[in-house]
Number of protein chains: 2
Amino acid sequence: MGGSAAVPHEADGHLRVTYNDIHVTIGACAARIKAEFDPDIMVFFPARVLRTFLKRVSGADGKRRNIPIQAIGLSLYEEVGAFDGSSGLAQEEKLGKEVVRTQWLDFSTLGNRPLIGRRILIVDEVDDSRTTLGYAVAELKKDIQAQFDKLPEDKKADFPETKLAIFVVHNKLKEKRATIPDDVAYFAGDDIEDKWVDYPWEQEDILLHDAVAQKQKELGL
Amino acid sequence: MGGSAAVPHEADGHLRVTYNDIHVTIGACAARIKAEFDPDIMVFFPARVLRTFLKRVSGADGKRRNIPIQAIGLSLYEEVGAFDGSSGLAQEEKLGKEVVRTQWLDFSTLGNRPLIGRRILIVDEVDDSRTTLGYAVAELKKDIQAQFDKLPEDKKADFPETKLAIFVVHNKLKEKRATIPDDVAYFAGDDIEDKWVDYPWEQEDILLHDAVAQKQKELGL
């Protein structure tokens with residue numbers, strides 16, 4: 001019924017929203033939220049572009065279904081928004097640890113050996129210094145090993161090899177501060193020069209951003 | 001240097017990417033990922049539009065910093081991508097439970113009473129039947145109450161009231177199957193008719209999508 005396979009047509013009664021429509025809508029409402037609520041913490045249901053392209057047939061009905069997503073949060077130390085101390089929650093000392101976990105996999109919903117035998121794709125917008133990606137790979141490998149070690153000996157052969165891969169929209173061509181192991185597949189949407197990247201979700205004025213981007217394309221910059 | 005406060009200019013050396021650029025890049029690479037890796041699980045670092053608009057001054061340096069984000073995953077039962085049974089991980093029976101948690105808050109990184117006294121914003125793209133939003137509010141309230149109950153009696157008065165709010169990009173004007181309590185602030189970017197919404201991140205051909213959206217706007221549809 002009106003699924004995405006149908007040819008789009010302007011009279012099909014769908015409301016069609018563009019990324020910029022959504023950005024403008026969020027920006028307008030954010031001013032009210034800031035004034036009236038000013039949140040300390042955001043809890044969100046992740047949006048997902050890549051998942052759209054990676055649906056797979058599962059189950060007996062031949063339907064394409066979404067693959068499970070887990071969000072993780074990792075920040076380089078200086079990027080973390082510190083809680084203020086007014087409620088007695090002092091910012092923990094994180095000196096000497098470059099990467100800070102703000103969220104990790106939720107094993108309470110994933111079950112007790114959910115990573116074993118899986119193909120796990122790590123997704124990020126940009127591979128800059130590679131520090132957080134390197135951390136994510138190393139920590140996931142620890143979790144996978146720990147789950148594998150807990151398996152009874154006679155079950156270990158039942159699972160195919162667990163595999164990790166990385167997808168980043170942009171890989172900056174520059175010296176990296178971490179190495180991705182050879183057994184981890186690496187996909188980059190584009191390799192780009194090491195210059196300042198303005199992402200659309202960081203913009204306050206998305207229409208201006210797009211206009212300048214268009215001009216840059218015309219000028220070949 | 002060259003932060004977002006500067007007036008954008010096409011010769012500033014920034015790489016400026018639009019939402020559609022990113023969508024096209026992801027789509028092109030996804031075909032390779034699907035062919036060469038075909039993931040079972042995706043682990044991602046959340047992107048964030050709203051956060052851009054909600055930065056706040058914190059710390060003594062007067063800098064605007066991001067507020068913490070935690071991702072949660074909730075699905076109505078029929079939307080969940082089931083693992084196949086080939087690795088002995090049978091899909092749990094979820095009958096009678098409409099909402100399925102796929103990920104919840106990570107209290108191992110948030111600390112032991114991180115919700116108390118906070119203003120917590122729940123963010124989603126659309127409020128359709130309100131079922132998952134109602135579930136999220138009810139479950140968060142349970143967690144907040146449990147954390148509050150654990151506080152020593154003499155500390156309970158030290159915290160301001162914990163507050164919840166909701167932000168959705170779109171609220172569909174229709175009969176809802178859950179109620180949001182009166183003490184939860186509700187922000188909708190737009191109230192929309194109850195029609196099929198085509199979101200950009202669900203599109204395989206984003207340029208066609210935008211062209212049809214543009215035509216609809218011109219025709220006032």
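Visitor: In this model, how many of the 10 residues of strand β9 (residues 163-172) of chain B are buried, and what follows for the strand?

Guide: A residue is called buried when its relative accessible area is under 20%. In this predicted model, nine of the 10 residues of β9 of chain B are buried, so the strand is largely enclosed by the rest of the structure.

Visitor: Which strand pairs with β9(B), and is the pairing parallel or antiparallel?

Guide: Strand β8 (residues 119-127) of chain B pairs with β9(B) in the parallel sense, and the pairing runs over eight bridges. One position to look for is Asp127(B), whose bridge partner in β9(B) is Asn171(B).

Visitor: What can be said of strand β8 in chain A, and how many of its nine residues are buried?

Guide: In chain A, seven of the nine residues of β8 (residues 119-127) are buried, so this strand too is largely enclosed by the rest of the structure. Its pairing with β9 (residues 163-172) of chain A is parallel and extends over eight bridges, and within that pairing Ile122(A) stands opposite Ile166(A).

Visitor: Where does Arg130(A) lie, and is it buried or exposed?

Guide: Arg130(A) belongs to the loop between β8 and α4 of chain A, and it is buried because its relative accessible area is 17%, with the cut-off for that word set at under 20%. Its side chain makes a polar contact of 2.7 Å with the side chain of Asp127(A), and another, of 3.4 Å, with the side chain of Tyr186(A). Once its neighbours within four places in sequence are left aside, Arg130(A) is in contact with Asn171(A), Lys176(A), Ala178(A), Ile180(A) and Tyr186(A).

Visitor: How should I read a helix, and which residues of α5(A) are buried?

Guide: The general idea is that an α-helix has 3.6 residues a turn, so residues three or four places apart point the same way. In helix α5 of chain A the buried residues are Ile206(A), His209(A), Val212(A), Ala213(A) and Gln216(A). Seen down the axis of α5(A), these buried residues fall within an arc of 125 degrees, so they line one face of the helix. On the other side of α5(A), Leu207(A), Glu218(A) and Leu219(A) are exposed.

Visitor: What do the buried residues of α5(A) pack against?

Guide: Their partners come from two chains: in chain A they are α1 (19-36) and β11 (197-198), and in chain B they are β1 (15-16) and α1 (19-36).

Visitor: How far apart are the end C-alpha atoms of α5(A), and what span should its 14 residues have?

Guide: At 1.5 Å a residue, the 14 residues of α5(A) (residues 206-219) should span 20 Å, and the end C-alpha atoms are 20 Å apart, which agrees. At the start of this helix, a side-chain oxygen of Asp205(A) comes to within 3.2 Å of the backbone nitrogen of Leu207(A), while just after the helix Gly220(A) takes a positive phi of about 70 degrees.

Visitor: Which residues does Asn20(A) contact, beyond its neighbours within four places in sequence?

Guide: Asn20(A), which is found in helix α1 of chain A, is in contact with Ile206(A), Leu207(A), Asp210(A) and Tyr19(B) when those neighbours are left aside. It is buried, with a relative accessible area of 16%, and a polar contact of 2.8 Å joins its side chain to that of Asp210(A).

Visitor: What does chain A amount to as a whole, in helices and strands?

Guide: The secondary structure of chain A comes to five helices and 11 strands, and 49% of its 221 residues count as buried. Among contacts in chain A with a separation of 6 or more, 61% are between residues 24 or more positions apart. The chain exposes about 11200 Å², of which carbon and sulfur atoms supply 51%.

How values were computed: Residues numbered from 1 in each chain as written. Chains lettered and ligands numbered in written order. Predicted model: local features only at pLDDT ≥ 70, side-chain atom pairs only at ≥ 80, totals over all residues. Heavy atoms only, no water. Helix = DSSP H or I, 4+ residues; strand = E, 2+ residues; numbered from the N terminus. Expected span 1.5 Å × (residues − 1). Buried < 20%, exposed > 50% of the residue type's maximum accessible area, 1.4 Å probe, protein only. Arc of directions from axis to C-beta. Contact = heavy atoms within 4.5 Å. Polar contact = N/O pair within 3.5 Å; in protein donor to acceptor, adjacent residues only side chain to side chain. Areas by Shrake-Rupley, 256 points an atom, 1.4 Å probe, with all protein chains shown as cover. Pairing = 2+ DSSP bridges.
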